[in-house]
Amino acid sequence: MEKLVSEHSPSQGLSRRTLVKSAAWSVPILASAVAAPISAASTACTKTISTTTATYSRASATASQFTWANLFGDGKDFTLSLAAAPHGAANMTINQPNNLTLYTQQQGGDSLPSVRLSLDTVTLANANGGEQVTFSFALDGDPYTVTDLSYKIKDIDGVMAKDGLGGAERVSLSVGSGTYNAAWVQGSGTSASPWRLSTSAPSAEVTPDSTAGNVAVTAALLSSFTLTYDANNSGRVDPANQNIWIGPLTFTVSGTCVP
């Protein structure tokens, strides 16, 4: 018959319990020897980007968006959203088929992709009505500050209005300053003195191949801005459609890039 040995028999040296305990303590020591995966390195970076490289989507005449997918390599999308709303007097309304469409035909002397703002005349009243468009920058849905924004407002013109303040179209900004050809355009881009065709402009209309009706805009630091586009068609004899074009927009973003 086999002889049973006691768990605590001194003749056995290490007991079974001691062996089990030793084995248990050895597990974390072995596990700690396995190297942890090295996470991808990330670095601070600065990018200058343009709406010419973004994907553009138009949900309606009052909502659209530029998207730069995975801009910093972290899976997050950078966006520039546009939201339009009626503004001012009721003499003008937002043109539903054309407002916020991306236009690639020649306007303002170039054919670079630009957003079209389009208004329809309701009445030839001596009043300013139109739309206000808010441009908002975001990363993964959160507001994001950009620097060194630049873009063009193209083709500001129109028959002289009866208020004696210049052409039909009136444009102003909440943020930014602009330069222009003073022989054709006047104003400071504020609500009190919007950019508009000069009373001494050589013609009431600017041709698509001309830069005469353009304003080159710059802004140093911002996360959003509003552009107000009104028209006073009181000087006309016909209920004309009015249009300007915005773009391309170029700006700088700073973030953390993942290779």
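How do the residues of the lining of the largest pocket divide into nonpolar, polar and charged? They divide into 4 nonpolar, 7 polar and 4 charged, where Ala, Val, Leu, Ile, Met, Phe, Trp, Tyr, Cys and Pro count as nonpolar, Asp, Glu, Lys and Arg as charged, and the others, Gly among them, as polar. The legends below describe a predicted model, in which local features need pLDDT of at least 70 and side-chain atom pairs count only at pLDDT 80 or more, while totals for chains, interfaces and linings use all residues. Residues are numbered from 1 along each chain as its sequence is written, and side-chain values use heavy atoms, with hydrogens and water left out.

**View 1. The largest pocket and its lining.** The largest pocket has a volume of about 220 Å³ and is lined by 15 residues, of which Asn-128, Arg-170, Ser-191, Pro-194 and Asp-230 lie nearest its centre. Two or more lining residues come from each of the strands β11 (169-173) and β16 (224-231), and β11 gives the most, with 3 residues. A pocket here is an open set of points on a 1 Å grid over the protein atoms alone, where a 1.4 Å probe fits and protein lies on both sides within 12 Å along at least five of seven lines; lining residues have an atom within 4 Å of a point. Grid points are joined across faces, edges and corners, and the volume is the space filled by probe spheres set on the points.

View 2. β11 pairs with β16 in the antiparallel sense over 5 bridges, and the bridge partner of Glu-169 in β16 is Ala-231. Strands are DSSP runs of E with at least two residues, numbered from the N terminus, and two of them pair if DSSP finds at least two bridges between them.

**View 3. Strand β10 and its partners.** Strand β10 (residues 146-154) pairs with strand β15 (residues 215-222) in the antiparallel sense over 7 bridges, with Tyr-151 opposite Val-217. Antiparallel pairing also joins β10 to strand β18 (residues 250-257) over 2 bridges, where Ser-150 has Thr-250 as its bridge partner. Asp-148, placed in β10, has a phi near 55 degrees, a positive value in a residue other than glycine, and at 53% relative accessibility Asp-148 counts as exposed. Most residues other than glycine have a negative phi, and most peptide bonds are trans.

**View 4. The disulfide of Cys-45 and Cys-257.** A disulfide, here a pair of cysteine sulfur atoms within 2.5 Å, joins Cys-45 to Cys-257 with an S to S distance of 1.8 Å. The pair links distant parts of the chain, with Cys-45 in strand β1 (residues 43-50) and Cys-257 in strand β18, 212 residues apart. The link is right-handed, with 70 degrees about the S-S bond, and both Cys-45 and Cys-257 are buried.

**View 5. The cis peptide bond at Pro-248.** The peptide bond from Gly-247 to Pro-248 is cis, with omega near -15 degrees. Pro-248 is placed in the loop between β17 and β18.

Key: Helix = DSSP H or I, 4+ residues; strand = E, 2+ residues; numbered from the N terminus. Buried < 20%, exposed > 50% of the residue type's maximum accessible area, 1.4 Å probe, protein only.
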